[in-house]
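Welcome! Take a look at the sequence and the model, then read on.

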Amino acid sequence: MSKPVLQFIKGVDEQTVPDVSLTRSKDGSNGVATFNFEQPSVFDSAGEVRDITGLYMQDEEGVLSTVDVSAKFVNGKPSRIEARYVMRSLKEWDRFMRFMERYAEANGLGFVKK
C-alpha cells in the first residue's frame, strides 16, 4: 500500500501540507475542495524548474486530478498555490473523502467543521 501524496508535477511529491476547505450542496450531489499551499516545495529554487500541470492526488485506489490551479505572487515571487477540485456526484465526493482520510492520517491532520 502506497502513501497518499499530492503532486503538482507527476512523480514529484509536494512536501507542503495544504489547508483544505470543503463546500457541498445541500442535497450532497456536488461539492468543491479548495487547497491552499503556503510556500509549496514545488517553488524551491534548489530543484529543477518545471511547469505545474495540475494537482494530482494519488493513493492506493489511483489518481484524482484537477487542472484548476493558480499561483499567487508577492513582489514578483511565487508565494502560494490554490487548487480547486470539483466533485459532480456523490460517487466522486465519496472517493475524494477516502483519499483525504488516508492523506490526513499519513500527515497527522485533523478535520474541523465550521
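Strands β7 and β8 (residues 77-87) run antiparallel and are joined by six bridges. Keep in mind as you explore that this is a predicted model.

- The open sheet consists of four strands in the order β3-β4-β8-β7, with antiparallel pairing.
- At the edges you will find β3 (19-24) and β7 (69-74); each has a single partner strand, so one side of each is left without a neighbour in the sheet.
- From one strand to the next, the twist averages 20°.
- Lying across β3, β4 (31-38) and β8 is helix α1 (residues 90-107), which runs at about 155° to β3.

**The nonpolar core**

- In soluble globular proteins, nonpolar side chains tend to be buried together.
- Here, the largest nonpolar core has 17 residues, and Leu6, Phe35, Met57, Tyr85 and Phe96 are those with the most contacts inside it.
- At least two residues of this core come from each of β1, β4, β5 (55-59), β8 and α1.
- Helix α1 supplies the largest share, five residues.
- Which residues does phenylalanine 35 touch, leaving aside its neighbours within four places in sequence? Among them are Leu6, Pro18, Val20, Leu55, Met57, Ile81, Tyr85, Phe96 and Met100.

**Aromatic rings**

- The count comes to five aromatic pairs.
- Phenylalanine 8 and phenylalanine 37 form an edge-to-face pair, 4.8 Å centre to centre with 70° between the planes.
- Phenylalanine 8 belongs to strand β1 and phenylalanine 37 to strand β4, so their pair ties together parts that are 29 residues apart in sequence.
- Are phenylalanine 8 and phenylalanine 37 buried or exposed? Both are buried.
- Tyrosine 85 and phenylalanine 96 have ring centres 5.6 Å apart and planes at 25°, so this pair is stacked.
- With tyrosine 85 in strand β8 and phenylalanine 96 in helix α1, the pair ties together parts that are eleven residues apart in sequence.
- Tyrosine 85 and phenylalanine 96 are buried too.
- Through ring pairs, Phe8, Phe35, Phe37, Tyr85 and Phe96 are linked into a cluster.

**An exposed loop residue**

- Lysine 10 sits in the loop between β1 (5-9) and β2 (12-13).
- Its relative accessible area is 58%, so lysine 10 is exposed.
- The C-alpha atoms of lysine 10 and glycine 110 are separated by 26 Å, and the two residues are 100 residues apart along the chain.

Definitions and conventions:
Residues are numbered from 1 along each chain as its sequence is written. This is a predicted model: local features need pLDDT of at least 70, side-chain atom pairs count only at pLDDT 80 or more; totals for chains, interfaces and linings use all residues. Side-chain values use heavy atoms; hydrogens and water are left out. Two strands pair if DSSP finds at least two bridges between them. Axes are lines fitted to C-alpha atoms, for helices over the stretch in contact, and angles run from 0 to 180 degrees between N-to-C directions. Contact means heavy atoms within 4.5 Å. Buried means under 20% relative accessible area, exposed over 50%, partly exposed in between (1.4 Å probe, protein chains only). A nonpolar core is a set of buried Ala, Val, Leu, Ile, Met, Phe, Trp, Tyr and Cys residues joined through side-chain atoms within 4.5 Å. Rings of Phe, Tyr and Trp (its six-membered ring) pair if their centres lie within 6.5 Å; planes under 30 degrees apart count as stacked, over 60 as edge-to-face and the rest as tilted.
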